[in-house]
Amino acid sequence: MSKFKKSTRGDVPGMNTSSLPDIVFMLLFFFMVATTTKEMDPTVEVVSPKGTMSTDMTPYKQRSEIDFAYLGKPRNPARSSQFKYGYALSLDNVLNENPDGLYATAQIGPWKKAKFDGKPTKMLAPIEEVITCIKADKTAPSGLIFDIRKELQKIEAFKIAYAVRDGSSGAN
Amino acid sequence: MSKRSIPEINAGSMADIAFLLLIFFLVTTTMDRDQAYIRYIPKPILDPRPQPPVEERNLLAIKANSNNQILIRNEIVDMENISEKVLRFYQANEKKNEAFEFPFYSRTPKSVITDNIKRVEKQLKELEEQDAAEEFIVAKEQELDGWIGKRDALALYGGDVLPEISFQASIRIEVSNTTQYEVFVKIQSEIEEAISILRDKEAKRLFNTPYAVLKRKNSLDATGMDEIEKLDLLDVLYPARIIEVTPKR
């Protein structure tokens with residue numbers, strides 16, 4: 001005769017999952033804000049050396065005032081004999097000349113020029129303002145850096161950047 | 001009209017869609033920021049005449065050979081100690097010109113700067129009246145800009161004299177063709193560290209702001225005008241004139 005009906009079955013009530021999308025969206029937005037898109041997967045092996053007090057390139061990236069070029073040993077060892085010192089440049093496929101994107105250092109001039117000419121006119125910073133960021137492997141010979149500088153000097157792209165891994169924190 | 005109830009939309013798949021987007025962004029993006037040292041390649045020299053020689057005390061020659069050993073002013077130096085040498089190069093004569101093997105400082109008084117601005121402005125006007133050749137006018141305009149820059153720097157610096165390191169003082173990096181990139185970058189890193197220490201000290205003293213903050217603010221601004229005056233002053237006080245020599249062998 002009790003007023004409270006005792007539930008006879010021992011079922012666990014289903015969990016309310018209506019807030020799950022909110023949580024996942026929150027994660028999504030966090031990752032959208034905190035990360036940047038990959039430029040490309042280079043076809044050369046690059047381990048950047050460490051350096052302190054370097055400049056953050058993100059603002060230049062957001063303004064598309066930067067081109068990345070990778071310098072290292074080709075991932076395909078058979079290709080390395082064709083290049084000076086065995087180190088090749090990996091450029092994105094603007095020139096469309098070979099499928100694996102490996103080029104000799106002298107090719108950086110035409111590549112940069114083609115990339116610059118392909119940009120829409122409204123976002124045209126002058127070519128001497130567009131940074132060429134060289135991501136070189138730590139074992140790469142410095143002579144190649146100067147070969148690249150010579151090529152860039154010819155097309156008057158005077159702003160160059162040497163990429164490093166940030167070592168300021170001293171954690172690793 | 002009978003009241004019809006609208007059936008609720010099933011939002012159960014919303015989480016799945018959001019997960020899909022999340023995983024897409026996780027895969028296509030990277031967390032690490034790109035860090036680099038920005039350098040300027042000099043314009044090609046078209047003038048075949050030899051350049052005037054630079055006094056030895058105004059040059060800090062840093063050399064690296066193919067065995068990754070470093071030589072500064074004919075002295076073998078450990079890689080970690082490059083920044084100390086750079087600091088010494090800038091600070092040796094900062095208070096008083098007493099060390100003869102390091103670049104001298106000039107202390108230009110305010111009156112000299114204002115006099116020079118007046119003088120150059122007058123000369124520029126004369127040149128324009130005479131219809132002089134374009135290159136003379138451009139050279140004069142550059143001279144005028146230089147003095148105006150010094151006036152603005154001094155106004156921000158405060159006081160009556162602007163201490164300036166010799167205009168020839170520069171750091172010269174000479175590597176060999178087969179020096180590893182790691183060593184080349186280490187030299188750049190050490191120079192940057194030394195200059196940052198010097199500029200940071202002045203930035204904190206003058207503007208109560210760390211140098212890194214000023215730099216960051218400036219790079220975030222597309223027009224680059226935000227903190228440019230302060231950065232210009234620091235650049236006048238401790239100029240980073242880095243010469244990178246193309247290796248011959």
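What do the side chains of B:Arg216 and A:Asp56 meet in? Please go on from there to the surroundings of that pair.

A: Keep in mind that this is a predicted model. The side chains of B:Arg216 and A:Asp56 meet in a salt bridge, with N to O at 2.9 Å. Between chain B and chain A the count is three salt bridges, and the pair you picked is one of them.

Now look at what else A:Asp56 is doing. A:Asp56 also stands opposite B:Gln35, which sits in β2(B). The strand on the chain A side is β4 (residues 55-56), and two bridges join it to β2(B) in an antiparallel arrangement. In other words, A:Asp56 turns up in the salt bridge with B:Arg216 and again in the strand pairing, across from B:Gln35.

Zooming out to the whole chain-chain interface, 51 residues of chain B are in contact with 55 residues of chain A. The two chains bury about 5000 Å² between them, and 63% of that is on carbon and sulfur atoms. On the chain B side, B:Asp34, B:Ile41 and B:Tyr181 supply 18% of the buried area, more than any other three residues.

As for polar pairs, the rule finds 22 residue pairs in polar contact across the interface of chain B and chain A, counting those with both residues at pLDDT 80 or more. The elements of chain B that give two or more residues to the side touching chain A are α1 (14-28), β1 (29-30), β2 (35-40), α5 (181-207), α6 (211-220) and β9 (242-245). Of these, α1(B) gives the most, with ten residues. By residue type, that side of chain B divides into 25 nonpolar, 14 polar and twelve charged.

Chain B is divided into domain 1 (54-102 + 169-249) and domain 2 (105-165), with C-alpha centres 26 Å apart. Their contact takes 20 residues from domain 1 of chain B and nine residues from domain 2 of chain B. The buried area there is about 1100 Å², of which carbon and sulfur atoms give 64%. From domain 1 of chain B, B:Leu233, B:Val236 and B:Leu237 supply 38% of what that domain buries against domain 2, more than any other three residues.

Salt bridges between these two domains of chain B come to zero. On the domain 1 side, α2 (82-91), α5 and α7 (228-237) of chain B each supply at least two residues, and α7(B) has the largest share, five residues. The domain 1 side divides into ten nonpolar, two polar and eight charged residues.

Back to salt bridges for one last stop: over all chains the count comes to 21 by this rule. Another example is A:Lys159 with A:Glu129, where the closest N and O atoms are 3.9 Å apart. A:Lys159 lies in strand β9 (residues 159-166) of chain A and A:Glu129 in the loop between α3 (108-117) and β8 (131-136) of chain A, so this pair ties together parts that are 30 residues apart in sequence.

Note on methods
Residues are numbered from 1 along each chain as its sequence is written. Chains are lettered from A and ligands numbered from 1 in the order in which they are written. This is a predicted model: local features need pLDDT of at least 70, side-chain atom pairs count only at pLDDT 80 or more; totals for chains, interfaces and linings use all residues. Side-chain values use heavy atoms; hydrogens and water are left out. Contact means heavy atoms within 4.5 Å. Buried area is the accessible area (1.4 Å probe) that two parts lose on being put together, summed over both. A salt bridge is a side-chain nitrogen of Lys or Arg within 4 Å of a carboxyl oxygen of Asp or Glu. A polar contact is a pair of N or O atoms within 3.5 Å; within protein, one must be able to donate a hydrogen and the other to accept it, and residues adjacent in sequence count only if both atoms are side-chain atoms. Helices (H or I, at least four residues) and strands (E, at least two) are DSSP runs, numbered from the N terminus. Ala, Val, Leu, Ile, Met, Phe, Trp, Tyr, Cys and Pro count as nonpolar, Asp, Glu, Lys and Arg as charged, and the others, Gly among them, as polar. Two strands pair if DSSP finds at least two bridges between them. Domain bounds come from an automatic or database domain assignment.
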